[in-house]
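Trainee: Could you take me through one part of this model closely? I would like to look at the links between charged side chains.

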Amino acid sequence: MAVLLMLTGCAVEDGSSTQLANNSTNHEPSINVREETEPNIEENHEFPRTEVPLVRVIDGDTIKVKIDGKEENVRFLLVDTPETSHPRMNGPQPFGPEAKEFMEEFAAAGKLELELDVSERDRYGRVLAYVYVNGVSAQEELLKRGLARVAYIYPPNTRYVDHYQTLQEKAQADGVGIWSVENYAQDDGFYPEYVEDPDLKESTEKQPVTENCPVKGNISSSGEKIYHVKTGAFYERTIPEECFNTEEEAKKAGYRKSKR
């Protein structure tokens, strides 16, 4: 693409600049827009896109690319996939590895392009973008397959949110991917405790329900402390790591109540 991507700020060690089309200002480190040559945007692109080389896929919704010879992390706008290697988690979340594997194949299939919205970076310094491979939207493909949820809707970066919501509703209705497990994907994130663990099921079938344990404390695969009460959906099959007499005791110990 003739529209170049320019990243400014102290993070650019070689002092070079790259451009990406953008009309706004932002409190985050910005990508400045300056037309050095006449843009050559394909007619079917309403917004300019910039071709970049892929370095690697970090996660289902994050990739590393080279911009002007400098490696940059790119966070996909308006979608969120389950984690595979978050530092605060003990292991990957369900469907996280599938999302990453899909992106590795998808991103390596052809020409990789970025399209900016209004705000250019997040608070971690990552470039925020809509990502395309051979003209096909990565965000759309993740949503169609149920490998991502619509999330992080922060104006003014809302260009395609309505369209993405429509794709998500279709995936929800079809029960694919993250939507195949009730309550796993929620408005505020992913809840692995709702995904049935075959090992846990087998162990609970072999062991009787713990007696004298009104409130069962359990640590999820993501490291989150969750407690279950007798009226809860998962109380019977939960092997407690801690037992409490009351919910207040569980809360004081750092546990939150299960959503079911």
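**Salt bridges up close**

Mentor: The count comes to 16 salt bridges in this predicted model. Side chains of opposite charge can pair when their charged atoms come close.

Start with R49 and E115. They form a salt bridge, with the closest N and O atoms 3.6 Å apart. This pair links distant parts of the chain, 66 residues apart. R49 sits in the loop between β2 (31-32) and β3 (50-51), while E115 belongs to strand β8 (residues 112-115). Buried or exposed, where do R49 and E115 fall? Both are buried.

Next, R126 and D122. Their side chains meet in a salt bridge at 2.6 Å, N to O. Here the two partners part ways in accessibility. R126 has 22% relative accessibility, so R126 counts as partly exposed. D122 has a relative accessible area of 11%, so D122 is buried.

Now K251 and E248. This salt bridge spans 4.0 Å, N to O. Both residues lie in helix α5 (residues 247-252). They are 3 residues apart there, so about one helical turn separates them. K251 is partly exposed, with a relative accessible area of 44%. E248, at 46% relative accessibility, also counts as partly exposed.

Finally, go back to R49 and E115. Salt bridges that share partners join R49, E115, D117 and R159 into one network.

Key. Residues are numbered from 1 along each chain as its sequence is written. This is a predicted model: local features need pLDDT of at least 70, side-chain atom pairs count only at pLDDT 80 or more; totals for chains, interfaces and linings use all residues. Side-chain values use heavy atoms; hydrogens and water are left out. Helices (H or I, at least four residues) and strands (E, at least two) are DSSP runs, numbered from the N terminus. Buried means under 20% relative accessible area, exposed over 50%, partly exposed in between (1.4 Å probe, protein chains only).
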